[in-house]
Each structure stands twice: as C-alpha cells, then as structure tokens.
Amino acid sequence: MNPTWSRFNIASVVLGFAFLYLPIVILVIFSFNASRLVTVWGGFSTQWYVSLFSNQGFLDAAWVTIRVGLLSATVATILGTMAALALVRYTRFRGRILFSGMVFAPLVMPEVITGLSLLLLFVAAGMDRGFVTVTLAHITFTMCFVAVVVQSRLVSFDRSLEEAAMDLGATPVKTFFQVTLPVILPAIVSGWMLAFTLSLDDLVIASFASGPGATTLPMKIYSQVRLGVTPEINAACTMLIGVVAIGVIAASIANKRREVQRQRDEQAAQRG
Amino acid sequence: MADTTASNVEPSPRVENGGLIQAITSRLVIAVPYVWLLVFFLIPFFIVFKISLSQTAIAMPPYTPVAEGVSDFFGKIGQFSFDNYLWLTEDPLYYRAYLRSLEIAGISTFFTLLIGYPIAYGMARAPASLRPTLLMLVILPFWTSFLIRVYAWIGILKPEGLLNQFLMSLNIIDTPLIILNTDTAIYIGIVYSYLPFMVLPLYSSLEKMDYTLVEAANDLGCPPLRAFWKITFPLSLPGVVAGCLLVFIPAVGEFVIPDLLGGKETLMIGKTLWNEFFANRDWPVSSAVAIILLLLLVVPIMFFQHYQAKSQEAGR
C-alpha cells in the first residue's frame, strides 16, 4: 500500500535535503576558488590542492589519520561484532545489563567526557600519548557503533539456517563461518566503514588522547580553522569528503550487486 | 527476553566434541569485548572521579595523587578534597555554563524535531522505490566530518559571508546580519549537525506505521490534522523519544559547535571543560566538571539505554 505523496511531503523532503547538502556543496565549490577570499568567487583554480600537497604538516597528519583509521576500524569491527553476538545470542550471563549499558552509553556520551576519561587512564597507566593511545581510544568508541549496526542485522537473522547446518553435522564454529558470517557480512562491512569514517572525522577524543608526533587531520584542520578560514582548508575538507563519498558509494554498489546475486540464487534454488 | 532458554548459555552438544569448543568460544565472545569496555570505558570514569578529588599542582601530571590503588583509596577517604566541587559551586561561571548548555541543547532539540519531523514524514510517505535512495541521502552527511560540516557554516554566516551577500543582493536587508559568534549560530550548527540523528529514528517508526488507520479515521470524518495528532504522532512517539535523546545528550556536552560558531561570551560546559583542561591545565577541576556533567546526563542516558534494549527485544 502506497499512501499519497502530497505536495507538502515533497516540499519538506526537498527543502530538508537542500538544507543538509547546500553547505557541503558550497564548501566544495569554494575549494576551487582562485581568490584567496573564501566567500568571493574569483574563477576556477586547483592551486589550493597543489599547495596542500606541498604542505608537509598536512601530509603527515593525513598519514597518521589513515593509519589510525585502518587499524582502529579493523580491531573495532572484530570487537564490535563479538559484542553484538554477545548481546543478541546470549541473553543470560552475569553482568549483561552492565554490558549492554557499556555498549550503548558511548553512542551518546559527550565526547569531552570520553576524551578526558581516556586521557586520564593513559596517564594513570603511564603510557606515552601518541599513535597507540589515539588508536586505543578510537577502537573503544567506534566498536560500540559497529556493535549496534551488526546487532540490528543479527536480530532479523533466521536461526533455522544455523540449526539446519548443525543438524547436517557442521560444528558450531564451522556453522558460524559458513552460514552466519556470510549473512551478516554486509552489516560487518558497513560497521567497518562507519568505524573508519568516525575515526577519520574525530577531533575531540583525538585531541585528548593524542600527544606530540601524532597530530591527526581533524586536529590539523581545527588548529588552522582557529586562525581563520582559508581555501586550503576547503581543499582539505573536500578531499576528506571525497574519500568518504567514494567509499560509501562503492560499498553500496557492492551491496546491491550481492543482493541481486542472492535473489538470483534464491530463484535458481526454487526452480531446483 | 521471556523466551530465553538455558540452551542459549550452554548449548546442548549436538555434535559430540563441539560442546566444549562451543562453551569456550561463547565465553570468549562475551569476555573479550566485556573486558575491553571495562578497561577503556568504565574504569576511566573511576579515575576521573579520583582525580576530581585531588589537589591541583604544578607538576606533570598536574595534580597531587590522593590514593594509589583500591585499598589505599578507601584508606584515605579522610584526605579527599572536595575543593574542586566547592569551587564549581562558588564560581557562578560553572553553574551558568551547565544551565546554558541544558537550555541550548533543549531549544536546539526542539527545533531539530520541528524540522526533522516533516522530512521523516515525507520520506516515509514517498513511493517505496524511492525510499532507499532517500534513506541513503539522510545517512550520507552523517559520514562527513562533523568538524567540516560546522566549518562550512562559518563561510555562510560570516558578516561578509554568502547568506548576507544573498540577502543583500535581493534587497531584503541592507546591512549585514550579525549571526556568526552569536547563540543563533550555535542553534543553526546543532540543528544542522544533528538533523540526521533525528530523522533516522523518526523515519523508521513512521515507515512501519499502518496508514490504513489514518485512512479509516479520514473515512469516518476525522479532519487530517486531527488524525495526525490522534494517530500518526502517538504512533511515532518511540521515534520522537529516540531522536530527541540522540540529539539532546551529545548536544549538552558539545564543544566544536560553540567553539567555532558561538561567541566568546556563550558558555557551554563542553567548552568550559576543554578550556580548563587545555588552557588552564587544571586537571582536577576539569575532572570535577566532567563528573557533574555525567551526573546531569545519567538519567537521559539510562533512559536511552532502556529504550535501545527494549526496541532490540521488540525486533527479536
């Protein structure tokens, strides 16, 4: 059943998306501005990208950010998937309420609190702040996002598939890797991507957890923004947006293809 | 939760030697993330609490430790200093910052709901073939950096920025509006940045709704607006609650938006904490600020968790 899509509905969706996207579009356009003034158009130019690539500080920060992102997203995906399995599959174990609390609370916890508390932990443990501490901090807050994404897929999972596999003699571990994992894989992949982008974008937690020598790109951008708006920052932001957009679009295309393939397989199976 | 059976914890060994492996793996699946979160999420709060009770010192780290270890912690209760908390009550700066943060977060949440609801409603009523694309379009900005999205508004809201250029070229105004570095800019920043958090839960509860109920009401002569308040809105209430909590709680402790868009005189507690820590290097006071902020937010956070757990079970 498809209820009518009234003019009011269309207008609110169009205006809403305009509000969401216009600022980003403007930012991207002005990164190609020839003028040093960010808000006055002076012709098309890619000079800010050129000057960005000759800025060693930015390049170093970008490299740190990518390494932190790849490492933390991977560990966070493993831990987050385990947490999701624990929440959905094991409904009774000691301290489950505390556990689910610790999974959901970081989603809304103000970043300044998370950042401060992690910093004080690292200081208390006598750890030097730098690459390792930022990575640990990012694993901690992104694993909870992974857990929520994977959990929502696991909840709708048809467990009779697993039962069938086990009845046919597969061990539980084998069942997990051959039956469960392929089904929840799209959720795990989007969980990884979410963790990666959250790590790529984080300013507040990284500022607390990082030390000299491990400046991330958002920290670099923030320190530049405080000095004033420049087209170079627009260029840096545009590239960051570009990386994320390419990733998200690639993932959704891959997802769609897999879905089509799955439907074809199902039809083939039904035809026998 | 009612359908829980013991087999969830100790699965019956379908395969002869699989039982032991299964028992070990199930324990590992729970224990590894559990221990991780204990160490990196829960224990840090106790450290923050401990440091909030210590004295400020000019050293590295810049405080005098009150206790070493747990046993010592209880042994030295008499030496705890509540000076930092007293300090927070004596200086009006702090409680004003708390109140202002709650107020700004509350007002922004209201406006986010006001703007987000029609969007979510429009999306839910869109043709089914269009909905996945629309959903994708709401999620996409969520993947772009928070910092970048806030930064984008500086160029728009500046006195010589694009909004003023636009309005002046249309002769709507003849002197530039001062928006950047005011509270209005903070509201715009919060509404803009958190809008997807509001739209997503609203959309998911509106999409599941059975519209034949509204049709039935209309057929029986109920005017559309009344039908909305009597049927649609109450049914979308879980989405409203989740959306408001997802916006309100982080907005109270927001740092980036008041720092980049707000004025110097606007006090929000996240910014105060940041300044205490990075500018004044006063770790004990910033810890005390964090503990009070946490206490203020503990009720909404528990409510959020309760709601999450409930919706998770409903999906089962």
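Q: Which residues have the most contacts inside the largest nonpolar core?
A: A:Leu116, B:Ala120, B:Tyr151 and B:Val289, in a core of 160 residues. A nonpolar core here is a set of buried Ala, Val, Leu, Ile, Met, Phe, Trp, Tyr and Cys residues joined through C-beta atoms within 7 Å. Buried means 20 or more other C-beta atoms within 10 Å of the residue's own, exposed means 12 or fewer, and partly exposed is in between, with C-beta atoms placed from the backbone.

Q: Which helix gives the largest share of this core?
A: Helix 8 (residues 183-207) of chain B, with 15 residues. Helices (H or I, at least four residues) and strands (E, at least two) are DSSP runs, numbered from the N terminus.

Q: Where does the model come from, and what are the ground rules?
A: The model is predicted: local features need pLDDT of at least 70, side-chain atom pairs count only at pLDDT 80 or more, and totals for chains, interfaces and linings use all residues. Residues are numbered from 1 along each chain as its sequence is written, while chains are lettered from A and ligands numbered from 1 in the order in which they are written.

Q: Back to B:Val289. What does it touch?
A: Leaving out residues up to four places away in sequence, B:Val289 touches B:Leu88, B:Tyr94, B:Ile269, B:Thr272, B:Leu273 and B:Glu276. Contact means C-beta atoms, placed from the backbone, within 7 Å.

Q: How many residues does each chain put into the A–B contact?
A: Chain A gives 74 residues and chain B gives 88. On the chain A side, helix 1 of chain A has the largest share, 12 residues.

Q: What classes are on that chain A side?
A: 54 nonpolar, 16 polar and four charged residues. Ala, Val, Leu, Ile, Met, Phe, Trp, Tyr, Cys and Pro count as nonpolar, Asp, Glu, Lys and Arg as charged, and the others, Gly among them, as polar.

Q: How many helices and strands in chain A?
A: 11 helices and zero strands. Of its 272 residues, 44% count as buried.

Q: Is A:Val134 buried or exposed?
A: Buried, because it has 31 C-beta neighbours inside 10 Å. A:Val134 sits in helix 6 of chain A. Its contacts include A:Val68 and A:Ala206.

Q: Where is the kink in helix 4 of chain B?
A: At B:Gly116, about 30°, shortly before the proline B:Pro118. The bend is the angle between axes fitted to the seven residues ending there and the seven starting there.

Technical notes. Two residues are in contact if their C-beta atoms, placed from the backbone, lie within 7 Å.
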